[in-house]
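User: Please take a close look at one part of this model, the interface between its two chains.

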Amino acid sequence: QVGILDVDLCGPSIPRMFRVQDNDVHQCDSGWVPVFVDQDKSISLMSIGFLLEKPDDAVVWRGPKKNALIKQFVADVAWGDLDFLIVDTPPGTSDEHISTVEALRPYKPLGAILVTTPQAVSVGDVRRELTFCKKTGLRVLGIVENMSGFVCPHCSECTNIFSKGGGEELAKHAGVPFLGCVPLDPQLSRSLEEGRDFIQEFPKSAAFPALTRIAQHILDGTSQPSS
Amino acid sequence: PLSVAECPGTSSAQAGRAAACQGCPNQKLCASGAAAPDPGEGGPEGPRGGGGARPRLTARCRPPAEAAALRERLRGVRHTVLVLSGKGGVGKSTFSALLAHGLAAREDKQVALLDIDICGPSIPKMMGLEGEQVHQSGSGWSPVYVEENLGVMSVGFLLSSLDDAVIWRGPKKNGLIKQFLRDVDWGVIDYLIIDTPPGTSDEHLSIVQYLGAAHIDGAVIITTPQEVSLQDVRKEINFCHKVKLPIIGVVENMSGFVCPKCKNESQIFPPTTGGAEKMCQNLNVSLLGKVPLDPQIGKSCDKGQSFFSEAPESPATSSYRNIIQRIQEYCDQQHLQEEKII
């Protein structure tokens, strides 16, 4: 059972990625009901995207309003029993991040996965995210180097469009696990746009091995008895 | 330890008066009752069967002295362009840096680049100014100069280490943005370019409110061809309408990739819903241009060099240059219209 909490209040993309962007959120006795994205009800989702009157409505909120909603997302949503709650955040180290960590503290978060592209400019910002994790006592599960290389479908030449290696170097420098490189994959982009299940439908695609490896790493990490 | 200030909200009755307001740069402004409600006030009320309306307060004016101080400081600024994006990672800061370089190519033009991405200030690195610090003079904070006619300001220059994180809630970020506008000695400049973080929040509201005293020519919005990016651009366009910010146009970045080996083109970020072109048609906004992916762009940014000088022959260079030309023409038009009115 996996829950996804989308705290990117200004740019909520997760609903579309599961093709549930037109769904509504209803209330039940135990709180707000998250939206289930599959028949088996194994993945549930909460996002401000479901609360907008029109999909193009801008959420022009200052920090305090954002903080209040994030608190509600954690406290008032009837998540039920979950094996994992994944929280997707916007870029930065501000209201959303501070409020999310505070709201989740009683539930002892496992930690954070930091995503960067290989370029130095991106790594430069992720260094600050590492500091954020340190200062908030959030364990770093590892760093993912995304958009790491593109293999031309015509001739198989690999081009490092956004450079290469920055994520791995940062992980080494910071002494945190490196979870792997995920290559650019047009099928992954298309699949997310169309709200399809990439893992089920495109097992032979370029990004599949890296993504499943990362998921497996997290599962392995949590199957061990906690000390 | 984390700051756990419970900001009551600038529009609340407690604004400036709550215990947590002590030490906040906005305290005086809020306490004077002069904080205006946000133009975007309102929004999602919660799920069906619950939630309640949020109280709205009537509009109040900002203290005349403050607005006058900002207006005075920015008097020498001829054109102001905001660079926005809905989503992160679409190449907004890259574009801002190149726009600055492009406009400053004419030595008779004075250009300033202001980075208000307080949590993720990438501009210093992109401009080759990593490690520089801000100096104060009698006339205020001095921008850091890349060229004689190109000055830069960023929170990055105020941090002592590359690992320093700015873990601030909205009110503190707003305070610094106001300082950037009020305390930096910008001097007389032809173009002030403002790079923003992605989204429609504190930084965006504040910059529009503070610059309200002066004048913003318009906003350039950056996107990739993907629907998940366009989805957020539509919100950004919505934001611009709400705060009455003119839209100069949209730039579609990462628009196609030509393999250096076999020269075949791939759409790495497929425009599954028609890309920026279709969106701009639907929303009656200008498409300023499309820029293809080029590994040299990222490399130049990482090196802190201008992509134009590193790869003058790249198709991306001509795309960018055409876009910059169109922005210049838009600004010149504005000026002509204003002069006509006078």
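Which side chains meet in a salt bridge at 3.9 Å, N to O? Please set the answer within the wider interface.

Analyst: The model is predicted, so local features need pLDDT of at least 70 and side-chain atom pairs count only at pLDDT 80 or more, while totals for chains, interfaces and linings use all residues. Residues are numbered from 1 along each chain as its sequence is written, chains are lettered from A in the order in which they are written, and side-chain values use heavy atoms, with hydrogens and water left out.

The pair is Arg16(A) and Glu227(B), whose side chains form a salt bridge at 3.9 Å, N to O; the term denotes a side-chain nitrogen of Lys or Arg within 4 Å of a carboxyl oxygen of Asp or Glu. Between chain B and chain A the count is 6 salt bridges. The interface also has 27 residue pairs in polar contact, both at pLDDT 80 or more (N or O atoms within 3.5 Å, one able to donate a hydrogen and the other to accept it; residues adjacent in sequence count only if both atoms are side-chain atoms).

On the chain B side, elements supplying at least two residues include helix H5 (170–183) and helix H7 (227–242); helices are DSSP runs of H or I with at least four residues, numbered from the N terminus. H7(B) gives the most, with 9 residues.

In total, 77 residues of chain B are in contact with 67 residues of chain A, contact meaning heavy atoms within 4.5 Å. The two chains bury about 6,100 Å² between them, 57% of it on carbon and sulfur atoms; this is the accessible area (1.4 Å probe) lost on being put together, summed over both.
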